[in-house]
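This report describes selected features of the model shown below.

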Amino acid sequence: MLRDITLGQYYQADSPIHRMDARVKLIGTLVYIITLFLYKNLTIYLIALLFLGAVVKISKVPLSFILRGIKTIMILLVITAVFNMFLTPGEPIVSFWKFKLTWEGIANAFYLCIRLVFLIVGSSLMTLTTTPNQLTDGLESLLGPLKKIKVPVHEIAMMMSIALRFIPILLEETDKIMKAQMARGAEFDSGSLIKKVKALVPLLVPLFISAFRRANDLAMAMEARCYQGGEGRTKMKPLKYRKLDFGAFVVLGVYLAAAAVLGKLFPLNLIPL
Amino acid sequence: MPIILNHVNCIYEAGTNMEVAALKDVNLVIPDGQFIGLIGHTGSGKSSLVQHLNGLMKPTGGEVYFDGQDIADEDYDKKKLRSDVGLVFQYPEHQLFEADVFSDVCFGPKNLGLSKKEIELRAYEALKMVGLEDEYFYQSPFDLSGGQKRRAAIAGVIAMKPRVLILDEPTAGLDPKGREEILNLIKKLHEEMGITIILVSHSMDDVADYVERIIVMNHGEVFLDDEPKAVFSHKEELEKIGLAVPTVTEIMSRCAGKGFPVDDTVTTIEEAKAELLKLYKKR
């Protein structure tokens with residue numbers, strides 16, 4: 001169950017996407033997300049699907065692995081879809097009591113779900129192909145100009161990389177504690193809601209204690225190494241754009257242009273509006 | 001009521017490039033009342049193996065039988081199984097959560113749905129069994145010393161009255177004195193309660209003095225399975241997979257190598273002492 005959470009997980013493989021500079025991937029993800037929200041028609045989603053499919057194929061990450069992330073937002077998707085279908089004003093198809101199922105609602109629900117799914121898949125693909133360290137290095141470098149207006153960019157990046165690093169550790173810890181309490185007869189997945197909430201106490205208390213202990217140890221280890229913030233710090237692996245990255249920028253540019261132009265000129269609509 | 005493992009396989013992350021076979025075709029019979037040492041290097045599959053014994057992990061192939069029943073069956077009573085096969089994890093003190101030691105030990109029996117009286121009786125007995133005095137019963141578990149925490153955590157599992165007790169690296173992170181005390185405690189549990197004990201460790205020194213059978217795991221497979229003396233006679237093979245014979249056995253075998261007429265199959269300090277005295281008297 002806990003293994004389904006792909007957020008912040010890295011999938012080891014050797015692919016052009018993996019080798020790419022993290023900054024390119026961050027910008028790429030941003031551009032991709034922008035295109036998803038540019039227009040509300042099918043053309044743009046077809047282009048995005050094509051782009052996403054190609055990137056997934058090149059990245060060598062198995063599709064089943066990427067789709068696991070969607071499982072966890074399934075409930076959110078269903079709720080969003082249902083609310084949109086029934087609460088969007090427009091031409092009613094069926095109506096009962098206060099609710100009306102409308103064509104506009106169905107279209108809205110469809111677009112929203114596609115956007116959410118594409119959003120999750122696209123961004124989890126970025127974290128799957130980029131190690132947390134690369135990711136925060138990239139972010140720090142991209143946000144670098146903000147230092148001029150006294151934004152603590154390095155500290156923010158550091159906090160992010162620690163947070164990302166701790167996700168798998170705490171998940172593993174949770175798994176371990178759950179198993180240990182199950183070995184003492186605890187049940188986490190049965191009984192009434194109140195029972196389930198009560199069952200969380202034996203899980204959360206040790207988990208919090210362990211999180212604090214780890215935070216303490218890490219702070220101690222950082223201090224023992226004389227860690228101090230960003231000023232004057234050099235990098236072991238400085239970020240550098242290479243041929244592959246410039247190529248990726250070109251592809252991104254073409255994708256953005258294609259999405260913007262084709263989406264505007266040839267809008268395919270789901271329903272005749 | 002033995003535990004039988006029949007061609008048990010366990011594969012993590014099947015179908016991705018992170019695929020790992022934690023267990024490969026494991027066949028074992030664990031009869032009642034045996035004191036077993038389960039030895040293996042980190043990642044040899046020993047932790048996966050013990051989690052199969054109480055149903056926390058399901059085999060991806062093969063079956064595990066307890067009392068002659070397949071524990072993977074849909075209608076098998078998992079709770080009953082977990083009270084019968086008690087598993088104490090590594091660093092069990094990290095799982096303490098109640099406000100006082102006594103309530104924490106009560107957690108297991110409470111989950112079994114026993115009466116309040118029975119729960120408290122069992123908790124009391126378990127705490128006495130692990131040698132924790134009354135004065136600690138109502139202290140916060142977080143105020144105890146390392147060794148005491150470990151005892152309290154072990155009591156939490158014993159209170160469920162298991163017929164098989166598995167301890168995963170029970171001496172990890174303890175000082176030599178604490179280690180000695182815990183190992184003696186486990187021996188006492190075996191003798192007084194007459195239960196099956198499986199002691200998981202990566203150190204032969206931990207188990208040599210106590211167990212009657214050693215199972216050596218390597219890369220998810222059972223590498224050796226025999227009584228201690230027979231296992232230690234495979235010195236070279238053990239060293240090849242990153243394990244060592246107990247320190248006393250090593251010393252005696254080196255003595256034998258230097259030409260002293262001593263038995264190099266001894267496994268305990270007592271036996272080694274007897275051997276050396278014999279040699280001394282002969283001179």
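Leaving aside its neighbours within four places in sequence, with which residues is Leu139(A) in contact? The structure is a predicted model, and in it Leu139(A) touches Leu26(A) and Met160(A) once those neighbours are set aside. Leu139(A) belongs to helix H7 of chain A, which covers residues 132-143. Between the C-alpha atoms of Leu139(A) and Ala215(A) there is a separation of 23 Å, and the two residues are 76 residues apart along the chain.

**Chain A as a whole**

Chain A contains eleven helices and two strands. Read from the N terminus, the order of its elements is α-α-α-α-α-β-β-α-α-α-α-α-α. The C-alpha trace of chain A spans about 65 × 55 × 40 Å along its principal axes. Chain A has 273 residues, of which 37% count as buried. Among contacts in chain A with a separation of 6 or more, 75% are between residues 24 or more positions apart.

The mean pLDDT of chain A is 84, and 95% of its residues score at least 70. By element, the lowest mean pLDDT in chain A is 73, for strand E1 (residues 92-96), and the highest is 92, for helix H10 (residues 201-224).

**Packing of H2(A) and H6(A)**

Leu26(A), one of the contacts of Leu139(A), is also one of the residues through which H2(A) meets H6(A). Helix H2 (residues 22-36) of chain A packs against H6(A) with the axes 10 Å apart and at an angle of about 175 degrees. Because angles over 145 degrees count as roughly antiparallel, H2(A) is roughly antiparallel to H6(A). On the H2(A) side the residues involved are Lys25(A), Leu26(A), Thr29(A), Tyr32(A), Ile33(A) and Leu36(A). On the H6(A) side they are Arg115(A), Phe118(A), Leu119(A), Gly122(A), Ser123(A), Met126(A) and Thr129(A).

**Aromatic pairs**

Over all chains, a search of the whole structure finds twelve aromatic pairs. One of them joins Tyr45(A) and Tyr111(A), with ring centres 5.7 Å apart and planes at 35 degrees, so this pair is tilted. The pair links distant parts of the chain, with Tyr45(A) in helix H3 (residues 42-59) of chain A and Tyr111(A) in helix H6 (residues 103-129) of chain A, 66 residues apart. Tyr45(A) counts as buried, at 3% relative accessibility. Tyr111(A) is buried too, with a relative accessible area of 5%.

A further pair is formed by Tyr241(A) and Phe246(A), whose ring centres are 6.0 Å apart; their planes stand at 45 degrees, so the pair is tilted. Tyr241(A) is partly exposed, with a relative accessible area of 30%, and Phe246(A) is partly exposed at 48%. Arg23(A) lies over the face of Tyr241(A), 4.0 Å from the ring centre.

Which residues do ring pairs link into a cluster with Tyr45(A)? The cluster consists of Tyr45(A), Phe110(A), Tyr111(A) and Phe118(A).

**Accessibility of selected residues**

| Residue | Relative accessible area | State |
|---|---|---|
| Tyr45(A) | 3% | buried |
| Tyr111(A) | 5% | buried |
| Tyr241(A) | 30% | partly exposed |
| Phe246(A) | 48% | partly exposed |
| Asp25(B) | 41% | partly exposed |
| Tyr91(B) | 31% | partly exposed |
| Thr249(B) | 2% | buried |

**Residues of chain B**

Asp25(B) has a phi near 45 degrees, a positive value in a residue other than glycine. Asp25(B) is located in strand E2 (residues 20-30) of chain B. Tyr91(B), which is not a glycine, has a positive phi of about 45 degrees. Tyr91(B) sits in the loop between strand E6 (85-88) and helix H3 (101-111) of chain B.

Is Thr249(B) buried or exposed? Thr249(B) counts as buried, because its relative accessibility is 2% and buried means under 20%. Thr249(B) is part of helix H10 (residues 247-257) of chain B. Apart from its neighbours within four places in sequence, Thr249(B) is in contact with Asp264(B), Val266(B) and Thr267(B).

Terms used: Residues are numbered from 1 along each chain as its sequence is written. Chains are lettered from A and ligands numbered from 1 in the order in which they are written. This is a predicted model: local features need pLDDT of at least 70, side-chain atom pairs count only at pLDDT 80 or more; totals for chains, interfaces and linings use all residues. Side-chain values use heavy atoms; hydrogens and water are left out. Rings of Phe, Tyr and Trp (its six-membered ring) pair if their centres lie within 6.5 Å; planes under 30 degrees apart count as stacked, over 60 as edge-to-face and the rest as tilted. Helices (H or I, at least four residues) and strands (E, at least two) are DSSP runs, numbered from the N terminus. Buried means under 20% relative accessible area, exposed over 50%, partly exposed in between (1.4 Å probe, protein chains only). A charge sits over a ring if NZ of Lys or CZ of Arg is within 6 Å of the ring centre and within 35 degrees of the ring normal. pLDDT is the predictor's confidence in each residue, from 0 to 100. Axes are lines fitted to C-alpha atoms, for helices over the stretch in contact, and angles run from 0 to 180 degrees between N-to-C directions. Angles under 35 degrees count as roughly parallel, over 145 as roughly antiparallel, 65 to 115 as roughly perpendicular and the rest as oblique. Contact means heavy atoms within 4.5 Å.
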